[in-house]
Amino acid sequence: MKHLLITLMLSLLLVPVCVSAQETKTWQSVELGELDWPAASIDNMFIPLANPSLLATDHANGLGWAHLFMDKKFRKHYWLFANLDGLSYNYEYNKNPLTGRSENYHTLATGSELLPANILPNLYVGSNYRWRNNKFGKGDFRTALTYRPHNSASLALILDHPYSESPEYHAGVALRPLAWIPSLQDYRVELSADIDYSKEIVDGYGLRAAGDYEFRSPVLGINTQLLDGLNIGATYNLDTETAMVNFSLSSAMTDLGILGNVKDKNNYAFPYIHFAEEAFKPFLGLKGKNWYDMKLNGAVVSYPAPKYSFGQFRLFDKGTRSIEALARELKQAQDDPTIQGILLKNPSFTASYALMQELVAAVRDFKGSGKKIVAYYDNISNGGYIFASSVADQIYLNPLGSLDLRGLSVTSPYFNALLDTLGVDVMNFRSHRYKTAGNMLSESEMTPAEREVYDSMLQSIYDQMIASIEEGRGSKLKSSVSEAIDGGPYYLAQDALNAGLVDGVIYEDELDDKLREEHKFTGKAGSLADYRDYSWTVPKESLVAVIYANGSIVMGKGTPGQNIAHKTTVDLIRAARKNKAYKGIILRVDSGGGSAQASDIILRELQKAQTENKLPVVVSMAGVAASGGYYISCGADRIIADPATLTGSIGVIGLSLNMQRLFDKLHVNWSTVKKGANADYGSIYRPWSEEEKLRMTSMIETVYEDFVSKVDKGRPNLNLEDVHSLAQGRVWTGEQALANGLIDALGGMDTALEHMRELTGITGKIRLVDATTGDDAIALHMSGDPLDSLPGMDILSTLADDYIQAYEYWRDFQNENVLMLSPLNSPTLEF
C-alpha cells in the first residue's frame, strides 16, 4: 500500500510536465491505438489496442483504466480494460465538449501463439475489432503478427483495415542491446523503430487527406527500466514531429503511470492504472525478509484420484495434492526474491515414505538456494518428526506438546480363523512361499516367510530413515539417532529439548519474535506471487507424455487414479504413442498389482510404443510398484524408483473359496446338472478335486515362468537365473532393487526426466505433458468428506479399513483366476 501511494503521488505530479501550459482552442479526438507505440516491444495494458498479437504474452492481463487530460483538465474521455489470457474487451467513452455529443467505442481483441512451442515458439498472431455505439457492422479491423527470434530482437507487422477506407501497413522492430552482455539484464534498455506504409497524411490536428501509398518517416523510440519498477520511455515521430513519453511505476501487482503526447501546443496526457494478474519485480529492488507460511496438510499422492464421480463431474478432495504440485510450489518459493524462508506451522499430511523422500528432496533443493525452513508443532507425530528433522533448520515445540518418535512397524490382520468359524475354506495357490498376498485370508497368523519379507523391508526403510534424520539433524542430537528413537516417545517437551530433538520450547505467539531474533524476519506471506517474466523468448520445447498408473490393475474400464483398468490405460498409451508430438513416454507407477491378464495387455501396449513408434519408455515408481506393478514396468528402457519404493514381488497367486460348510450351516443345498466333465469347475459350494487343484497349480506355474521370462527380456543386466533368484514373490525396497539390478536408478520424476533426456538425445527444454487427465471431465473440489463429520465415523473408519481392503480385493478380482498381487502396499505414514 505504501508503494502504491508513493507511485500515485509521483504520477499525478508529472501530469503538468506532460501537458503544455497553454490551452488548446480546438477540440480533438484521440485514439489510443493510433498513438506512436513501439509495436514490437509494447508491454503494458494497451497491448490489445496497439498490437493484439502480444496478448499471448499475458502481460496485459488484468483490469485497467486510462483518462484523457487536456487543456489542464480531465476530459470526459476515458478507457476501461478487461484483459485475460489472450482475450480483451475495451470500453471507451468520449464526450465532445463543443457539441455535447457522447460516443461509446468497443474493442474486442484476441491473441495467441500461431504454432505450438514444440514446433516454432515465439510467433504470435492477434487481431482486434473496434466499433462505435451500436454500429457493429461498421468497425475497424487490426491484425498483427509478432516474431521474437532471440531475446535481443522482436519484429512486428500490423495490418489496419478501417471501415470503407484503404488498408494501412505498419512494421516495427525492437532491440535489446544488453542481451549480448551476460552480466546485465536485457530488459533494462529497449530501442525501437516503426514505419508506416499508407495513403494517409496526418497533420498535427488529426485532419486526414488521402494520397498515394508511401512510406512515412520512421518513429524512433527507447524504453528503459534501469531500476525495477521505474519505467521511462519515449518515441519520436519524424514524420509528424510528435513526441510521446511514458512514465510508470510498477509495484506489487499495480502499474501506475502517465502517457503524454507532445507537439507544439497540441499536448495531452493519459494517467492510467493497471491492476495486473502477475506481480512485478520488487520496486527498486527493495525486498523484505518475508517468510512463506506454507500450508502442508492433507494427503500427498503421486496422482490425485477423484473421490466421487457423477457423469462428467469429478469430485476431488481439496486436501489431496500431488507431489509434483508441492515441488512446483517449493520451486516458486525458491525463485521468489521476497521470500527468505518457509514457515511450517503444525504441518500434518499423509504420504507413503517414498513420496515423503521426494518431498524431502524438493525441500532440500529449496534450501540449496540459501533459504531456511522453520517448523512449529503443538505435537509432533512419528512421521512428522522424520520429515521435520530431515529438512528444518529449527524445530519448535509447544511447552505442553509431545514428540511421538518411536520407529517403524508393520501390522497385518488375518481372517482365516474368522472365515473358518463361518465355514469358509480358503485355497491359496502360491507360486512361492514369499508370495503372501493371499495370506491375509488363508492364514491365522504371520508366516515365517512373511516375517522375513517384512523384516528385510523394514530394516532397509529404517536405515534410510536414520540416515535422513542424521543428515538433517545429527549434529544437534545428544545421542545417536537410533538411541534417540529407542528413547521415545517423548511425552514431555522438555525431554525432547534435552535430547536435542527440538531447538526450543515456545508458544506459537512467541514464534515471530524468535524468527526476528534468529533470521531478521520482517513478515509472513500467505501466498506466493506469480512474477512477470520479462524474457522475449521461450526455448523450443520437446514434449514427453506422462501416464499415471495408480491403484489395483483390473480388467475393463476405470477412472485414472482409482485403478489401472486395462482398457482405459491401453487407450491412454495408444493415444500417446500415436501422437507424433511426443518424443517419449514416462509411466508413473504406484500400484501393488492385480490382474495378470490386464498387466500383460498393458505391458504389450508399452512394448508397441517402443517397437512400432520407436519411443523410449521410462518408468518412475512412486510408493509401490510391485508384482503386477513391476510387471508393467519391467520392459521399460529405464526404471527409476525412490529408495523406499516397494517393488519386486515377482510371483503369482490364485485364490478360491470353498463355502460348503457355510452353506450347510445356513441349510442351503446345491444341486447341479452339467454337460461336460468340468462344467462346474471352480464352484464355491463343494470341495475342489485334486485334478482341479493340479490344473490351477499348473496355471500358476506357467504364468510365473512367463513373468520371469518377461523380466529377463526387459532387464538386459540380468540373466534368467538371476531373475529366478530375485523373484519367488520377494518384495524389495528401491534401494535394495538398485543393488540387485531390478531398477536402474534412485530418484523421483526429475531423475526420470534426466534419463528420458539421455535416451532421446534432447538437449533443449523438455515439457512433461499430463496424458492421463481427460479434457472432457469437469473437476470440482471439496474440503474433506461430509460423512467424516458424523459422530463416530472416524473410529468406524479406522476399524473398517482392513475389512474394506479385503472387500475391495474381492470386488476387483472376483472374476480373476490368477493374480500378480503384492502382499505389501506402501504403508501410509502420518507426517
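**Figure 1. An aromatic cluster in the predicted model.** Trp-37, Phe-46, Phe-81 and Tyr-272 form one aromatic cluster. The model shown is predicted. Across the structure there are 23 aromatic pairs.

**Figure 2. The ring pair of Trp-131 and Phe-136.** A pair of aromatic rings is described by the distance of the centres and the angle of the planes. Here the centres of Trp-131 and Phe-136 lie 4.8 Å apart. Their planes stand at 75 degrees, so the pair is edge-to-face. Trp-131 is buried, at 12% relative accessible area. Phe-136 is partly exposed, at 48%.

**Figure 3. Arginines over tyrosine rings.** Arg-130 lies over the face of Tyr-105. The distance to the ring centre is 4.0 Å. Arg-695 lies over the face of Tyr-681, at 5.8 Å from the ring centre.

**Figure 4. Nonpolar cores.** In soluble globular proteins, nonpolar side chains tend to be buried together. The largest nonpolar core in this model has 65 residues. Those with the most contacts inside it are Ile-342, Leu-359, Phe-387, Leu-403 and Leu-501. Helix H5, residues 353-367, gives the most to this core: nine residues.

**Figure 5. A buried salt bridge between Arg-142 and Asp-160.** The model has 46 salt bridges. In this one, the side chains of Arg-142 and Asp-160 meet at 2.5 Å, N to O. Arg-142 sits in strand S6 (residues 140-150), and Asp-160 in strand S7 (residues 153-161). The two are 18 residues apart. Arg-142 is buried, with 6% relative accessibility. Asp-160 is buried too, with a relative accessible area of 4%.

**Figure 6. Lys-367 and Asp-393.** These two form a salt bridge, with the closest N and O atoms 3.5 Å apart. Lys-367 lies in helix H5, while Asp-393 is in the loop between helix H6 (382-391) and strand S24 (394-397). The pair therefore ties together parts that are 26 residues apart in sequence. Lys-367 is partly exposed, at 24% relative accessibility. Asp-393 counts as buried, at 17%.

**Figure 7. Arg-661 and Asp-425.** Arg-661 forms a salt bridge with Asp-425. The closest N and O atoms are 2.8 Å apart. The pair links distant parts of the chain, 236 residues apart. Arg-661 is in helix H16 (residues 660-665), and Asp-425 is in strand S25 (residues 425-430). Arg-661 is partly exposed, at 29% relative accessibility. Asp-425 is partly exposed, at 28%.

Notes: Residues are numbered from 1 along each chain as its sequence is written. This is a predicted model: local features need pLDDT of at least 70, side-chain atom pairs count only at pLDDT 80 or more; totals for chains, interfaces and linings use all residues. Side-chain values use heavy atoms; hydrogens and water are left out. A nonpolar core is a set of buried Ala, Val, Leu, Ile, Met, Phe, Trp, Tyr and Cys residues joined through side-chain atoms within 4.5 Å. Buried means under 20% relative accessible area, exposed over 50%, partly exposed in between (1.4 Å probe, protein chains only). Helices (H or I, at least four residues) and strands (E, at least two) are DSSP runs, numbered from the N terminus. Rings of Phe, Tyr and Trp (its six-membered ring) pair if their centres lie within 6.5 Å; planes under 30 degrees apart count as stacked, over 60 as edge-to-face and the rest as tilted. A charge sits over a ring if NZ of Lys or CZ of Arg is within 6 Å of the ring centre and within 35 degrees of the ring normal. A salt bridge is a side-chain nitrogen of Lys or Arg within 4 Å of a carboxyl oxygen of Asp or Glu.
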